[in-house]
Amino acid sequence: MKSPLSYTNVVVTALLVAVPLALIGYKVGFLGYRLGDLLPRTEHRVAVKMKLDGDRGRVSARTFLPLSDERQQLTEHEQASDPSFRFVTETEGLNRTARWNGTSVPDAASMSLNYAVLVRAAEYSISDTLAVPDTYPESVARYLRPTEYVQVDDPEVQSQLRELGATSGPLVSRLRSIFDFTSGLRGRAFKGTTDAVTALRLGEASCNGKSRLFVALARGAGIPSRLVGGLILDDGTKRTTHQWVESYVGGHWVPFDPTNDHFAELPTNYLVLYRGDEAMFVHSSDVNFDYSYTISSRLVPAPRVVEGASAFNVWSLFERLGLPFSLLRTVLMLPIGALIVVLFRNVVGMPTFGTFLPALIAAAAGETGLFWGVVSIVIVVAAVVIARQGIQALRLLHSPTLAILLSVVVLTMLGMSLAAEQLGLSELARVSYFPIAVMAIASERFYLALVEQGSTSALKQMMGTLLVVLGCYAVMNSLALQALVGGFPEVLLLVVAANVYLGRWIGMRLLELWRFRSLLGQRVTA
Amino acid sequence: MKWLRDFGRLLGKHGEATEAVVGMNRRNIEFVYQYNRRRDYPLVDDKVTCKTLLQQAGVPVADTLAVCDGLFDVERALEVLSNEQDFVVKPANSSGGNGIVVLGRRVEHAHGVGWERHDGGTYTLEELRTHLANIVFGAFGYHLSDRALIERKLEPHPVLREFWPSGVCDLRVIVCQGEPMLAMLRVPTRRSAGKANLHQGGVGVAVDVSTGHTRRASMRGVAIEHHPETGKPLIGIQLPGWQEVVQVALRSASTVPLGYLGVDVVLDAERGPMVLELNARPGLEIQNVNGISLAEARTRVPA
């Protein structure tokens with residue numbers, strides 16, 4: 001028997017689906033919204049920590065700050081250093097340097113540079129027929145000449161070029177043979193500088209040796225090429241930096257990494273810090289210089305979503321109103337959280353405290369993180385149940401009892417924040433972000449269930465609630481969904497449509513299949 | 001692993017709305033919303049309102065000793081009750097037996113008046129005062145205030161006493177559009193704390209709706225033949241005056257404009273079937289007890 005869907009229901013559902021789809025189509029087709037722009041991006045935060053022993057002398061150190069370009073975007077940066085230093089940033093050639101100059105610098109003087117970057121992957125396709133040009137503009141032609149470590153004219157390099165057949169043919173085949181040769185060299189964890197000829201003679205090299213050999217061979221093949229230095233953005237702390245190359249192809253500088261096998265492409269975790277045969281760090285001698293990189297990443301809404309000036313854009317509306325991003329997130333995602341609760345209740349048959357409580361808890365847990373959110377709920381509920389047992393002995397009327405329990409909730413949350421601060425659990429300390437009403441309602445519901453339906457039923461409902469909170473949290477904290485709803489709030493009409501459908505859905509709830517198994521089993525055997 | 005296979009087989013049935021059993025979603029859409037208008041719910045949800053309607057229609061109900069409406073009414077009610085015994089205190093709005101207190105013989109002691117409870121303890125006047133105040137403050141329902149209904153305890157028919165000696169077994173008859181669909185007898189256990197509530201471990205006994213014969217019995221979904229604590233047989237017993245029970249259930253259902261109802265009836269030793277209350281959203285467990293789905297039962301009812 002099918003669910004009795006009325007004519008009105010069908011029309012309403014169709015409208016609720018058609019209107020948002022039309023709006024989305026309009027925005028994508030005419031306003032130029034791109035789903036790719038809306039997807040959240042990974043923001044990497046890099047902390048460069050440096051230390052040197054100045055011995056009360058005049059010392060300096062310099063490294064590089066990433067530049068923004070089409071592929072990578074520096075969103076913020078700051079530095080902190082020993083007061084004896086003066087910090088300057090300058091553009092030097094293709095790069096931007098960060099330099100600390102100091103007089104009377106003490107031992108163990110520290111410098112740190114923190115920045116955040118958004119990086120995209122890049123991929124180039126090179127036409128098979130593209131020829132190697134005869135001449136280049138002077139600004140590019142200089143990347144054909146030999147340098148101290150890139151010995152283009154060296155006979156061994158020249159003979160290797162001939163052996164590879166890289167001196168004739170289309171541009172892409174020359175690059176391919178050079179790339180295959182250099183990336184085929186054995187790897188070697190060698191610290192320090194390896195020049196092109198050394199790498200060739202040894203037949204093995206680390207990233208900088210392979211890259212220099214690539215540059216030397218490419219230049220020899222008539223393709224302007226240069227070294228690129230940077231950082232592979234994997235979370236953690238490390239000292240290793242990386243080098244790869246760029247070759248001038250059809251008017252573009254195209255990246256190649258023979259070490260990690262990236263041909264005419266660069267993945268999202270490659271941050272360019274400098275171009276040219278530079279050293280990552282330069283410092284006064286005899287200062288016992290040390291450094292480390294600490295990299296962390298988090299998802300952030302795409303800049304396009306935040307900055308978009310269109311009247312449709314909820315993000316910019318909230319920004320104009322001065323409301324915080326977290327509130328917007330909560331507001332936009334609550335209907336979706338509620339839909340998840342409906343699915344759990346009406347399709348799975350999971351018992352929960354109230355219809356929207358799990359969604360509200362999940363929203364609140366966005367501030368503390370899921371784990372600590374659940375921990376705090378459990379602690380508060382336990383405290384309230386214990387307090388309520390105690391209050392029972394006083395035989396108080398209902399409303400004053402509830403008012404006391406509210407105080408218990410507040411005191412428990414304060415106590416938790418205090419304890420968390422002492423223990424250094426910063427996430428748990430943020431428990432005070434939890435709406436007190438949500439905590440109080442959850443506790444009261446649990447207590448009533450405990451008294452009215454017994455501990456088994458109350459615990460089942462509590463477990464059900466926490467499980468649904470888990471589901472809501474996973475969905476509501478999905479940045480992809482948040483970005484989608486932020487860019488296309490009309491998606492919420494689809495949520496309404498889903499609820500209209502579920503509102504007339506008469507199928508058995510999953511857990512009812514278990515409850516009525518004997519009745520259903522009869523049918524199977526009959 | 002057998003249970004996993006069983007569950008997998010059941011899962012296969014998830015999509016199809018099977019006739020074998022009616023789930024909560026389907027009950028709501030095809031029975032509750034279909035036959036009951038929301039605005040009529042308060043007529044049965046409030047036990048005092050419902051009882052008044054039933055009395056006006058001449059349906060037998062327990063004698064009302066007092067209705068306590070508001071905090072100022074508590075003292076007046078206590079005055080009436082201090083000379084009474086064998087009565088039941090109920091919140092007008094509560095479900096699942098919450099807030100119901102059953103009091104027996106009146107006892108006087110040094111501190112004043114009290115009543116015996118079924119567990120042998122004493123319930124003092126002071127406890128009754130707090131309980132009445134809690135009821136009128138809405139502690140047992142979803143409203144901000146409530147009324148307390150105090151009525152004379154019923155004396156179960158000897159046949160029902162056989163099922164459970166120390167408490168009250170009640171009959172639930174599902175009435176759909178003026179026809180009795182399914183019936184069961186709910187028998188308390190010690191585990192259900194004397195309450196005839198199936199979810200709290202009471203025993204459900206299927207009653208043939210046309211004959212009044214007990215057909216089968218189950219506790220927490222497991223088929224049984226004898227009461228797990230008293231050992232008394234549960235099956236094959238003819239309930240006395242069954243046609244009268246059905247008539248009373250139908251008459252009480254016809255007093256309210258609700259087409260789908262659960263009617264709770266107690267067989268009093270002297271006065272026969274008495275209606276306890278009506279329920280606009282009767283539960284689904286009666287299907288498990290009877291081994292018959294609501295959908296199937298509906299097709300059996302002559303339209």
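Predicted model: local features only at pLDDT ≥ 70, side-chain atom pairs only at ≥ 80, totals over all residues.
Residues are numbered from 1 along each chain as its sequence is written, chains are lettered from A and ligands numbered from 1 in the order in which they are written, and side-chain values use heavy atoms, leaving out hydrogens and water.

**View 1. Chain A as a whole.** Chain A holds 19 helices and 18 strands (DSSP runs numbered from the N terminus, helices being H or I of at least four residues and strands E of at least two). Of its 526 residues, 47% are buried (under 20% relative accessible area, with a 1.4 Å probe and protein chains only). About 24,800 Å² of chain A is accessible surface, and carbon and sulfur atoms account for 59% of that (Shrake-Rupley method, 1.4 Å probe). Take the contacts in chain A between residues at least 6 apart in sequence: 74% of them link residues at least 24 apart (contact means heavy atoms within 4.5 Å).

**View 2. Helix 12 of chain A meets helix 13 of chain A.** Here the axes of helix 12 (residues 370-392) and helix 13 (residues 398-423) come within 9 Å, crossing at roughly 140 degrees (axes are lines fitted to C-alpha atoms, for helices over the stretch in contact, and angles run from 0 to 180 degrees between N-to-C directions). That angle makes helix 12 of chain A oblique to helix 13 of chain A (angles under 35 degrees count as roughly parallel, over 145 as roughly antiparallel, 65 to 115 as roughly perpendicular and the rest as oblique). The contact residues comprise 13 nonpolar, four polar and one charged.

**View 3. Helix 12 of chain A meets helix 15 of chain A.** The axes of helix 12 and helix 15 (residues 436-476) come within 11 Å and cross at roughly 170 degrees. Helix 12 of chain A is therefore roughly antiparallel to helix 15 of chain A. Helix 12 contributes residues including Val381(A) and Gln389(A), and helix 15 contributes residues including Phe446(A) and Tyr473(A). In this contact, 18 residues are nonpolar, four polar and two charged.

**View 4. Chain B as a whole.** Chain B has 10 helices and 13 strands, and 53% of its 303 residues are buried. It exposes about 13,400 Å², with 52% supplied by carbon and sulfur atoms.

How values were computed: Nonpolar A, V, L, I, M, F, W, Y, C, P; charged D, E, K, R; others polar. Buried < 20%, exposed > 50% of the residue type's maximum accessible area, 1.4 Å probe, protein only.
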